Amino acid sequence: MPQIKIYQEDEIPSPMRRFWHAFSDNPFAFAGLWTVICFLLLALFGPLIAPYAPEQQDPHALLLAPSWDAAGTVEHFLGTDDLGRDIFSRLLHGAHLTFGMALGIVLASLILGFIIGSISGMMKGLKSSILSHLLDALLSIPSLLMAILVVAVMGPGLENVFWAVGIALTPQFVRAIHQAIHEELQKEYVTAAKLDGANQFQIFWYVIMPNIWDTLIIQTTLGISAAILDIAALGFLNLGAQAPSPEWGAMVSQGMDNLLTAPWTVTIPGIAILCCVLAINLVGDGLRSALSPINN
């Protein structure tokens, strides 16, 4: 259990400092944060530090094992695929596609979901009820299945994957924000603000918004991990990034034919997906604990 620290009255820390102490006391969340930062740096600068171009082929280095294997070489640290392409370079370029695209999708979904969820959350009566039931119907469909349906209509490709995953994740943000605002409207301090003469915008921006930041932050971390999995799954099913794209899910799909003879072509991008999603989930759990009323 986390230890409770007692402060003197003149040294009570700020809410941000208390949040950071609560978050950093969780070793798994802190390790996940550093891992996410590393993936973010790879997404930004990976293409610049990659030793080879992602499509560059070497006919003299087909299915070359990673460097720690007796048959491997330092020139190809993580080995090569069946076309002689450097897996390490493709992995770095893939971070730019998979992780970078996931961040862009979640940002767009967050903005759209925040607008729709805020408007619907402040509504009352029949309109709010209809939207709530509509959201329940949309959320009954798994996000990956909805993304597959959208891609089936729009066609494969990275641009369509962006729209498909974004459409699939937006209802989750709308529902989370709608529910958070609806719960806050039942609080006594909202009633007090109404009695003081505050209008709807003032109630939302100055009274409700400061109390739903934790919902936005936690939902964003969950959305990023879901977006990465959906992007990779669509790439694996050949509905997303197409060959010779170095997107991680597509790399796993392209390496399946050589799973027995060259397992590193599948396991290495698969481990990258696993580590990225696991790190984001650890950060999300840490944020949930640090933002809980117990720690505040």
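**Entry 1**

I count a residue as buried under 20% relative accessible area, as exposed over 50%, and as partly exposed in between. I need this for Leu63, which has a relative accessible area of 29% and is therefore partly exposed. The model I am looking at is predicted. I found Leu63 in the loop between α2 and α3. Its phi is positive, about 50 degrees, although Leu63 is not a glycine. Most residues other than glycine have a negative phi.

Asn238 sits in the loop between α9 and α10. Its phi is positive too, near 60 degrees, and Asn238 is not a glycine either. With a relative accessible area of 47%, Asn238 is partly exposed.

**Entry 1: the whole chain**

I went through the secondary structure next. I noted eleven helices and zero strands. The C-alpha atoms fill a box of roughly 80 × 55 × 30 Å along the principal axes. The chain has 296 residues, and 44% of them are buried. I then took the contacts between residues at least 6 apart in sequence. Of these, 69% join residues at least 24 apart.

**Entry 2: the nonpolar cores**

Which residues touch the most other members of the largest nonpolar core? I noted Phe99, Val165, Leu169, Ile228 and Trp248, in a core of 39 residues. The most come from α3, which gives eight residues. In soluble globular proteins, nonpolar side chains tend to be buried together.

Leaving out residues up to four places away in sequence, Leu169 touches Ile105, Val106, Ser109, Ser143, Gly223, Ala226, Ala227 and Asp230. Another core, of 14 residues, lies apart from the largest one. Its members include Ala180, Leu185, Ile212 and Leu216.

**Entry 3: Ser118**

Ser118 lies in helix α3. Is Ser118 buried or exposed? Its relative accessibility is 8%, so I count Ser118 as buried. Beyond its neighbours up to four places away in sequence, Ser118 touches Gly113, Ile177, Ile181 and Phe204.

**Entry 4: helix α5**

I checked the length of α5. Its twelve residues should span 16 Å at 1.5 Å a residue, and the end C-alpha atoms are 16 Å apart, which agrees. The buried residues of α5 are Ser143, Met146, Ala147, Val150 and Val151. Down the helix axis, the buried residues of α5 fall within an arc of 135 degrees, so they line one face. An α-helix has 3.6 residues a turn, so residues three or four places apart point the same way. Ala152 and Val153 are exposed, on the other side of α5. After α5 comes Gly155, with a positive phi near 100 degrees.

How many of the eight residues of α10 are buried? I noted seven, so α10 is largely enclosed by the rest of the structure. They are Trp248, Gly249, Ala250, Met251, Val252, Ser253 and Gly255. I looked for what covers them, and found α2, α3, α9 and α11 among the covering elements. At the start of α10, a side-chain oxygen of Glu247 comes to within 3.0 Å of the backbone nitrogen of Gly249.

Phe236 lies in helix α9. At 36% relative accessibility, Phe236 counts as partly exposed. Setting aside neighbours within four places in sequence, I see Phe236 in contact with Gly249, Ala250, Val252, Ser253 and Met256. I also took the separation from Phe236 to Cys276, which is 40 residues away along the chain. Their C-alpha atoms are 17 Å apart.

**Entry 5: cysteines**

How many disulfides does the structure hold? I noted zero. For Cys38, the nearest cysteine sulfur is that of Cys276, 11 Å away. Cys38 has a relative accessible area of 45% and is partly exposed. Cys275 is in no disulfide either, and the nearest cysteine sulfur, again that of Cys276, is 8.6 Å away. At a relative accessible area of 35%, Cys275 is partly exposed.

Terms used. Residues numbered from 1 in each chain as written. Predicted model: local features only at pLDDT ≥ 70, side-chain atom pairs only at ≥ 80, totals over all residues. Heavy atoms only, no water. Core = buried A, V, L, I, M, F, W, Y, C linked by side-chain atoms within 4.5 Å. Buried < 20%, exposed > 50% of the residue type's maximum accessible area, 1.4 Å probe, protein only. Helix = DSSP H or I, 4+ residues; strand = E, 2+ residues; numbered from the N terminus. Contact = heavy atoms within 4.5 Å. Expected span 1.5 Å × (residues − 1). Arc of directions from axis to C-beta. Polar contact = N/O pair within 3.5 Å; in protein donor to acceptor, adjacent residues only side chain to side chain. Disulfide = S-S within 2.5 Å.
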